[in-house]
Amino acid sequence: MELDERKYLYLLFLLPLMVAVFLYNMYWKRKKQKEFGSVEAIHLLSPERSVFKPVLKLIVMLLALLGLILALVDPKIGTKMETVKREGIDIVFAMDVSKSMLAEDIAPSRLEKSKQLVSQIISQLGNDRIGIVAYAGSAFPVLPITTDYGVAKMFLQTMSPDMVSSKGTSLDEAIQLSATYFDEKSKTSKLLILISDGEDHSDGALAAAEEANKQGMRIITIGVGTEKGATIPLKRNGVIEGYQRDKEGEVVVTKLNPQSLETIAKATKGSYVNGNNTKEVMEYIKNTLDTIQKTEFEATQMAEFQSQFQWFLGFAFVLLFVDVFLLERKTSWVKKLNLFNEERRP
């Protein structure tokens with residue numbers, strides 16, 4: 001059921017409205033009948049008029065209207081899982097979520113800029129599989145390899161420095177954890193897109209990159225921030241309460257370190273790109289992906305739902321057809337049974 005079709009569910013409010021109008025109409029008629037004369041006398045003047053038939057006609061109309069509304073909503077059933085073949089590459093996004101990424105030398109902040117870049121890269125992908133890793137002083141798996149881009153973007157928006165308790169930036173752990181996302185035996189091309197300001201507080205990033213190269217991984221690094229640097233605001237409910245300070249009590253100024261990111265990328269025959277210009281990043285990533293060999297792999301996805309609106313539409317038309325022949329006078333055989341006590345017995 002698509003979101004645009006769900007809006008027709010609001011038409012269901014017509015059902016209680018029709019019942020209310022019917023009850024008011026019955027009340028109004030009875031009131032006028034009392035003004036005209038006694039109810040018993042009026043029944044004698046119209047002996048063939050049924051008390052139950054108007055209620056039955058209302059029920060038929062309500063069911064018919066319900067069928068029409070459900071036909072507009074177009075419910076879908078009959079789903080099944082099927083395996084389809086795709087052709088693409090495996091991509092892991094490793095995002096720096098350390099405190100330094102809260103710096104606002106790049107609007108709205110380095111972290112938010114990183115999210116925007118990854119989201120736009122995902123939007124221009126085709127059949128590639130993607131995964132997400134977050135890292136600061138340690139690395140944390142966010143999303144395993146998947147073809148569900150919608151879920152990936154949802155997880156992307158939840159990423160923050162609170163995800164990882166360890167302080168600092170550990171590029172080597174980010175690379176090592178990302179490597180576990182890839183199947184070593186698979187021939188599918190492996191690409192790691194690492195987004196960071198390049199401040200590395202750990203040793204071994206170059207060694208981790210060289211090991212990744214041996215496993216067939218290629219790393220593209222995207223630097224976010226300025227070499228001039230900026231302070232790290234500490235906010236509560238969107239209000240700045242202070243700035244990050246070091247052990248000596250001095251305000252920390254965090255700067256973009258493109259050299260470390262370039263070194264990591266070159267170790268895997270990859271490359272570095274400055275992430276401050278979104279258009280340049282998108283063009284660079286697109287051109288890079290076009291040069292990487294795609295391989296065929298299998299992915300399981302949900303088969304398309306089958307529309308069932310025709311059944312509800314047919315049901316509604318049948319009831320509307322019945323309503324045409326449903327008169328308000330008493331039915332002879334029902335009259336004889338006197339099911340609704342419509343015949344007054346002496």
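Helix axes are lines fitted to C-alpha atoms over the stretch in contact, and angles run from 0 to 180 degrees between N-to-C directions. This is a predicted model, in which local features need pLDDT of at least 70 and side-chain atom pairs count only at pLDDT 80 or more, while totals for chains, interfaces and linings use all residues. Residues are numbered from 1 along each chain as its sequence is written, and side-chain values use heavy atoms, with hydrogens and water left out.

**View A. Packing of helices α5 and α10.** Helix α5 (residues 110-123) packs against helix α10 (residues 278-291) at an angle of about 35°, the axes lying 10 Å apart; helices here are DSSP runs of H or I with at least four residues, strands are runs of E with at least two, and both are numbered from the N terminus. Lys 113, Leu 117, Gln 120 and Ile 121 of α5 make the contact with Thr 278, Val 281, Met 282 and Ile 285 of α10, where contact means heavy atoms within 4.5 Å.

**View B. Leu 72 in helix α4.** Helix α4 spans residues 52-73 and holds Leu 72, which counts as partly exposed because its relative accessibility is 42%; buried means under 20% relative accessible area, exposed over 50%, and partly exposed in between, with a 1.4 Å probe and protein chains only.

**View C. Asp 74 and Gln 310.** Asp 74 is placed in the loop between α4 and β1 (76-77) and, with a relative accessibility of 10%, counts as buried. Although Asp 74 and Gln 310 are 236 residues apart along the chain, 8.5 Å separates their C-alpha atoms.
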